[in-house]
Amino acid sequence: MQVTVTTLTDQVFYLDVSDDMELENFKALCEFEAGIASSEISIIWNGQPLLDNHKTLKEYGIVNGDMVLLQHITGTAGQFASASHQAATPAAGASGSAPVPLIDFGGIPLPGSQSPFSMTPQAPDLPQQDDPQKIRDMFLSNPRELALLKERNPQLADALLSGSLERFSEVFSRQHEERMKKERERIQLINADPFDSRAQQMIAEEIRLKNIETNMETAIEYAPESFGQVIMLYIDCKVNGYPVKAFVDSGAQMTIMSQSCAERCHIKRLIDTRWAGVAKGVGIQNIIGRVHLCQIEIGNAFLQSSFSILEDQPMDMLLGLDMLKRHQCCIDLKNNVLTIGTTGTQTRFLTEVELPDHARLNNTSSKDRALMEQEQKKLAEAQARAQRGNPQPGTSQAVGGNSNSNAGASSPGPQQQFPEEVVRQLMAKGFPRESVVEELRKANGNSEKALVTLLAKSLSIP
C-alpha cells in the first residue's frame, strides 16, 4: 500500500509499504527520505501520535492512500514532551479524552532568552528584508554569484548594476513579497485538501521542477562542457581595401553589411535602393538597398561578392550561404579555419580577444565595469577598517568577514547538522528546507554565502 508522509516544513513524499510493517521500520524509511534520525521522529495519524514502535500499520488502522504527519522532535524537548504525554495518558484514559499530542517545545522562543531546550548556539543575524544594502554588497563582492544572478534573474541584476540602492531595494522587495505570497497560497491549498486537483497539479509541477534540477546537477557533474559558451565564427577580411571583421553564418540566406560599415568602406555610393525591403529572421530589419558587386580580400585571395545593406545592424558584415556556396567554402572546426574551395585559401577564425566588442562573451559595458570596480573598492576599504577595529558606522561588516574562516576548516560531511535558527531564518526568505541545507553544506555553514547563492539561483522572476 502507499502512504503519503508530510512534514511541518511542507516536505511531501510517498512510501510503498506493507500493512504488516512495524512502526519502527516505518520510521526508518522516513529517516532515509526526510534526513531526520528515527529516534527524533514522531508519526501522527488522524491527530493522534503513534507511540508503540512494535505495532504494525494495520493494527493502527492505516490503509492504502492514508496521509500521516511526520514531526521532528529534538533532544530534551522530545523527552519532555514524551514524559508529559505519558503522565497525561492515565488521566486521559480515565476521562475518555483524546491523548495529548507530542509538541516540540524546543521550537518555542522565550522572551529575552534562548529556549531552555535548545542546545544549539545562537544563530548569527542574517541580512534583514528591510536592509537590502547587505544583500547588494554581498553580490558585488562575489563575482561568481553576480554572474549567476545576471543569467537567472536579469531584472534584479540590472537594478543591482544601476548603482541606485533605492531601485535595487524596490525590485528585491517586490520579488520577495511575490515569492512569499505564492508560497503562502501553495501551503494553504495543500493544507486545505492535498488531494484536490489544483493541489495535485501544484505537487506535480514541483516534482517536475525538482527533476529538472536533478537533471541539471547531473549534467554539471558529468558533462560540464555543455554549460560553456562558445564564441561565434569571425574572420579578418578587407572590403574595398578596408579591414572588416566578418561573421561566418551558414544559416543566413544572403550576405549582408551594415550601413555604417558601407560608409566606412566607401561603397555607399553603389547602393541600389530599388532592392530595398525587409529582412526577417530572429528579428525584422529594414534593407535600404543592395551592392551588386564588390571585391572581398580574404587572406591572399580576392573574391567577388554582393551585399544587402541593412539600416540598423550591430555586426559589420555577415558572410551568408550565397557567398559560401558560390566559392565552395568549408568550415573546418577541427583545425579552426575557413577553407575557400575555389582558391584553396585558408584563414583562421578569430579568438575572443580579437572579436568586436558586441560579439564577446564578456560584453559588460564600461559603465557597469566602472560601477563594479567602484563598489568593490568601497567594500575593500570597509573590510580594511573592520580589520583595524574601526568600522565606519552603517558599513556592513558581514561582507567578506568570513573570507578566511574556511581556509583551515574541513568540509562538513553529509551528516553535518546546522543550527536550526540559521535554517529557519533562510527558510523565512521563501526557500525550501532541503535547498537551504544543501547550500549551507556547500558553503561550509556560512549562512551569508548560502543566502547569496539561494538568491542567485532563483530560477524564475516573479
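Which residue in β2 does Val5 stand opposite? Val5 stands opposite Phe13. The rest of this report sets that pair in its context.

This is a predicted model: local features need pLDDT of at least 70, side-chain atom pairs count only at pLDDT 80 or more, and totals for chains, interfaces and linings use all residues. Residues are numbered from 1 along each chain as its sequence is written, and side-chain values use heavy atoms, with hydrogens and water left out.

**The chain as a whole**

The protein chain holds 14 helices and 15 strands. Both are DSSP runs numbered from the N terminus (helices: H or I, at least four residues; strands: E, at least two). Of the 462 residues, 36% are buried. Buried means under 20% relative accessible area, exposed over 50%, and partly exposed in between (1.4 Å probe, protein chains only). The accessible surface comes to about 26,800 Å². Carbon and sulfur atoms hold 51% of that surface. These areas come from the Shrake-Rupley method with a 1.4 Å probe; for residues, only the protein chains shown count as cover. Among contacts (heavy atoms within 4.5 Å) with a separation of 6 or more, 55% link residues 24 or more positions apart.

**The five-stranded sheet**

Five strands form an open sheet in the order β2-β1-β5-β3-β4, with mixed pairing. β2 (12-16) and β4 (48-50) stand at the edges, each with a single partner strand, so one side of each has no neighbour in the sheet. Strand β1 (residues 2-7) runs antiparallel to β2, and five bridges join the two. Strands pair if DSSP finds at least two bridges between them.

**Helix α8**

Asp196 caps the N-terminal end of α8. One of its side-chain oxygens lies 3.0 Å from the backbone nitrogen of Arg198.

**Two loop residues**

Glu22 sits in the loop between β2 and α1 (23-34). Asn142 lies in the loop between α4 (132-140) and α5 (143-152). Glu22 is partly exposed at 30% relative accessible area, and Asn142 is partly exposed at 25%. Each has a C-alpha partner listed here.

| Pair | Apart along the chain | C-alpha to C-alpha |
|---|---|---|
| Glu22 and Glu59 | 37 residues | 9.2 Å |
| Asn142 and Val452 | 310 residues | 8.8 Å |

Beyond its neighbours within four places in sequence, Glu22 is in contact with Asn53, His54, Lys55 and Thr56.

Definitions and conventions
A polar contact is a pair of N or O atoms within 3.5 Å; within protein, one must be able to donate a hydrogen and the other to accept it, and residues adjacent in sequence count only if both atoms are side-chain atoms.
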